Structure formats: structure tokens, C-alpha cells
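This report describes one protein chain for a reader who is new to structures. Please keep the sequence and the 3D view at hand while reading.

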Amino acid sequence: MGSREEIVAAAAKVMREQGYAHATTKAIARAAGYSEALLYKHFKDKTEIFMSVLTERLPALGTTLDELMKTAGTSSDTPLAANLARLARITLSFYLESFPIAVSLFSSRELLATHRERVMSRDGGPDVPLGRVIGYLREEARLGRIREDADLEASASLLLGACFQYAFLASFEDREPPAEELDRWAERLAATLVVALAS
């Protein structure tokens, strides 16, 4: 593992334990075993490190969406419900991992405003997953597996919102749900969405 990967891994750990607001670049460098100067050779600022943590260290929501887009509707042995359950499951994992990191962004209006400006300038805001999920559902609709009159934006919002709410409650209760519970919950959410989308 190179220094960059070690820095991202250390940042993920520090951000989970202390939240984004308190995870200083000095603390991240110390946890990685490197100087702060070396950290800045790899990353422009803490926002760039945060974006790297989201894309490299957390469950691969974007990768799953890419794979679903490629296979949407092309295989009769992968029902829509199974695809939605897979998407819900990875979304649950993503939010469960990222919630403790990102929640401290809301501790200060100034911090949130600064972070929002930097993230939006990199086309990496929290609205990106919603657009990607809508795109996936649109592809399923084009292939005839979702009703033409289905509200895709509302359905995508329901999927992401339900997963976010689950992660919020689990974080509030300070518990790590077992994998079996997450699997069952993702399947229930997918089954509910299929009723709305394909009936």
C-alpha cells in the first residue's frame, strides 16, 4: 500500500471516530504515520481527502449503479426486485459507513457552506446518487420492466431516503446491524418498490 492509500485509510478511520469537522489534516497525517507536508503532496485539501474516502474506502455505490446500468433488463434470471434489493443493500452500507463521517458537517453553518461550495465545484454533491438511481430506473423503464407512468424520481428518492433513515437510526442508537438484518431489510424495501413500479 502506497502513502496515498494509507492516508485515505487513516482519514476514513479518523473521520469515523471524530467526524469530518474535527478530523484535521494534522490528525490524519499523524494517524497515517506521515508528515502533513506529504499529505498535501497527494491532496489539495481536506475536502479532496473526504471525497477520496467516499469513493475509495466506502461501499461502492457508484460501481454497483454502473454494473446495474450495464445489465438492466438483459437477463431474465435477474428480476427487477433482485436488482433493487442489491442497490438498496449497497446504499444501506454506504450510508451506514458515511453517516458518522458526514454528520459533523452540519455542526456549523460556515463549515457546511464551505464544504458545499468545494464539493459542488467538483460535481460531487449528495444529489449525484439520486440522479444516478433515476438514470438506472429510467433504463429499466425503457426496457419495459417498469411501468411507463411510474414516478421514477419519487421512487429513487424513496429508496435513498429509506436507506438514509435506517442509517440515521442505527447511528443514533450506536449499533451495527448484522448483515442478515440488512439483507432482509433491503429485500423488503425492494419488494415494496416493485409493487409501485411494476404493477
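## Charges

How many Å apart are the mean positions of the positive and negative charges of the chain? The chain has 24 positive and 28 negative charges, and their mean positions lie 4 Å apart. Lys and Arg count as positive and Asp and Glu as negative, while His and the chain ends are not counted. Each charge is placed at NZ of Lys, CZ of Arg, CG of Asp or CD of Glu.

## The model and its numbering

This is a predicted model, in which local features need pLDDT of at least 70 and side-chain atom pairs count only at pLDDT 80 or more, whereas totals for chains, interfaces and linings use all residues. Residues are numbered from 1 along each chain as its sequence is written, and side-chain values use heavy atoms, with hydrogens and water left out.

## The whole chain

The chain has 10 helices and zero strands. Helices (H or I, at least four residues) and strands (E, at least two) are DSSP runs, numbered from the N terminus. Along the principal axes, the C-alpha atoms fill a box of roughly 55 × 35 × 35 Å.

Of the 199 residues, 42% count as buried. Buried means under 20% relative accessible area, exposed over 50%, and partly exposed in between (1.4 Å probe, protein chains only). The accessible surface, found by the Shrake-Rupley method with a 1.4 Å probe, comes to about 10,900 Å², and carbon and sulfur atoms hold 54% of this surface. Among contacts (heavy atoms within 4.5 Å) with a separation of 6 or more, 74% join residues 24 or more positions apart.

## The second largest pocket

The second largest pocket has a volume of about 370 Å³. It is lined by 13 residues, and the closest to its centre are L96, E97, P100, R175 and E176. Helices α6 (80-102) and α9 (152-172) each supply at least two lining residues; α6 gives the most, with four.

A pocket is an open set of points on a 1 Å grid over the protein atoms alone, where a 1.4 Å probe fits, with protein on both sides within 12 Å along at least five of seven lines; lining residues have an atom within 4 Å of a point. Grid points are joined across faces, edges and corners, and the volume is the space filled by probe spheres set on them.

## Residues in α6

N83 is found in helix α6. N83 counts as buried because its relative accessibility is 4%. Apart from neighbours within four places in sequence, N83 is in contact with L68, T78, Y136, E140 and R145.

S93 is also in α6, and at 17% relative accessibility it counts as buried. The C-alpha atoms of S93 and L80 are separated by 20 Å, with the two residues 13 apart along the chain.

## A residue in a loop

D174 is found in the loop between α9 and α10 (179-198). Is D174 buried or exposed? D174 counts as exposed, because its relative accessibility is 70%. D174 has a positive phi of about 55°, although it is not a glycine.
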